[in-house]
Protein chains: 2
Amino acid sequence: MTRIRFHEGLDELKQRLITTAGLAERALERAVRAYAERKPELCAEVFEYEDRINRNEREIDQLALDLLAMQQPMATDLRLILAVIKANGDLERVGDQAVNIAQRVVDIAALPAVELPVDIPRMGVLATEMIHRALDAFIHGDTVAAQRVLEMDDDVDALNHDAFIAINRKLQQAPFISQQCLDALIVARNLERIADHATNIAEDVIFWTSGEDVRHAFGSGKVTE
Amino acid sequence: MTRIRFHEGLDELKQRLITTAGLAERALERAVRAYAERKPELCAEVFEYEDRINRNEREIDQLALDLLAMQQPMATDLRLILAVIKANGDLERVGDQAVNIAQRVVDIAALPAVELPVDIPRMGVLATEMIHRALDAFIHGDTVAAQRVLEMDDDVDALNHDAFIAINRKLQQAPFISQQCLDALIVARNLERIADHATNIAEDVIFWTSGEDVRHAFGSGKVTE
């Protein structure tokens, strides 16, 4: 087992994490679109993406394990590998949340269409952007970009809080559409959870890159020299 | 760095995970009690536990990192360390969910008390029991016990589904208590998420112990010989 082969493995690990993040973003984007356009037929794709994310999660864990077993990794490489394992877990849950949204879409599609005072598409765009930026921050070991993800989380939290208030008010005026209201509330919370997962990844970037100069380890193809 | 010291570190790692799980269980138990008894004063404890869980999470990650850096671990030890990192992340989220429940309690305590057709205490007992059993399965590398946790998850999912239907019906009869209904729905979903985290831990027990005879590594004080 040479150090070159080890570094090829590390690169593959990062590449697979990026692939998983791409799948998570697409699952999320499809789920939100299915909700906004009332198209339950888009949900099949969400379930498919989630299935691929789950398989990737196990493969990434296994690859991380193989890399750790291969040779005595340097401290910076170790931090990177553990950060990948953590981010990998978060992305798997983003997939779960996208599936939860898709399940609400299936529920809601059987009900009359109604106008609700909740901006799900906006929350969806923000959450997707957060996942994307968190991964970018991760790959480049960019703590400034990671910090920005934490700030975006406040916006999603505020939208989620607004959604609660608006739905509560709507329910009192129009209890006959309570099921659509509950579905919208749940979707808003799913998106808030997804934003939390992006936040976890961003926090991990800050944690794992702190105390040691490992930005290089995160940020380049050749991980250590 | 001797192998004996390494094994002492592994034991400490497991011990700390058990401590974190205990904190998560107590946070959850307090949050559910605060809800059932309408006692927002119990929530301060939940926030305190969550804070301790978060600090433990970082310490466990750091210890895991130190152990990996200490020497070339055996394959079984590696699997154990990675499983701890995963379970650690799940427990941290259980703490988050307990805090979410506590926040709903604070919200609901300012509103008139109402009877709702949702058995939150039962869901709480089940979710707490699942966390406890998942950790037990983890510590003993017991895949049969882990399998039982997966089955309990179906019960919590069913209760969560029932909660949605019951709250939806209640809302149509009594829209003036919509806020209490929404809070109860959210608490039910928080508990369902906690059960999912227990399920993740149980699934990890099955994954990490599969393919290799590492039950001994999970199940005893002396991890490998």
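A polar contact here is a pair of N or O atoms within 3.5 Å; within protein, one atom must be able to donate a hydrogen and the other to accept it, and residues adjacent in sequence count only if both atoms are side-chain atoms. Keep that in mind for the first stop: between chain A and chain B there are 14 residue pairs in polar contact, both residues at pLDDT 80 or more.

Before you click on, know that this is a predicted model, where local features need pLDDT of at least 70, side-chain atom pairs count only at pLDDT 80 or more, and totals for chains, interfaces and linings use all residues. Residues are numbered from 1 along each chain as its sequence is written, chains are lettered from A and ligands numbered from 1 in the order in which they are written, and side-chain values use heavy atoms, with hydrogens and water left out.

**Stop 1: where the chains meet**

Select both chains. Each side brings 43 residues to the contact, where contact means heavy atoms within 4.5 Å. About 4,000 Å² is buried between chain A and chain B, 56% of it on carbon and sulfur atoms; that area is the accessible area (1.4 Å probe) that two parts lose on being put together, summed over both.

Eight salt bridges cross this interface, each a side-chain nitrogen of Lys or Arg within 4 Å of a carboxyl oxygen of Asp or Glu. To see a salt bridge between side chains, pick E57(B) and K86(A), at 3.0 Å from N to O.

On the side that touches chain B, α2 (43-70), α3 (75-109), α5 (143-173) and α6 (178-209) of chain A each supply at least two residues. The largest share, 14 residues, comes from α6(A).

**Stop 2**

**Stop 3: D61(B)**

Go to helix α2 (residues 43-70) of chain B and select D61(B). Is D61(B) buried or exposed? At 0% relative accessibility, D61(B) counts as buried; the cut-offs are under 20% relative accessible area for buried, over 50% for exposed and partly exposed in between (1.4 Å probe, protein chains only). Its side chain makes a polar contact with the side chain of N88(B), at 3.2 Å. Leaving aside neighbours within four places in sequence, D61(B) touches residues including L82(A), K86(A) and W208(A).

**Stop 4: salt bridges in chain B**

Zoom to R16(B), which is partly exposed at 29% relative accessibility. R16(B) forms a salt bridge with E12(B), the closest N and O atoms being 2.8 Å apart. These two are four residues apart in helix α1 of chain B, so about one helical turn separates them. R16(B) also meets E59(B) in a salt bridge at 3.1 Å. This pair links distant parts of the chain, helix α1 and helix α2 of chain B, 43 residues apart.

**Last stop: R38(A)**

Finish in the loop between α1 (3-36) and α2 of chain A, where you'll find R38(A). Its phi is near 50 degrees, a positive value in a residue other than glycine. Most residues other than glycine have a negative phi.
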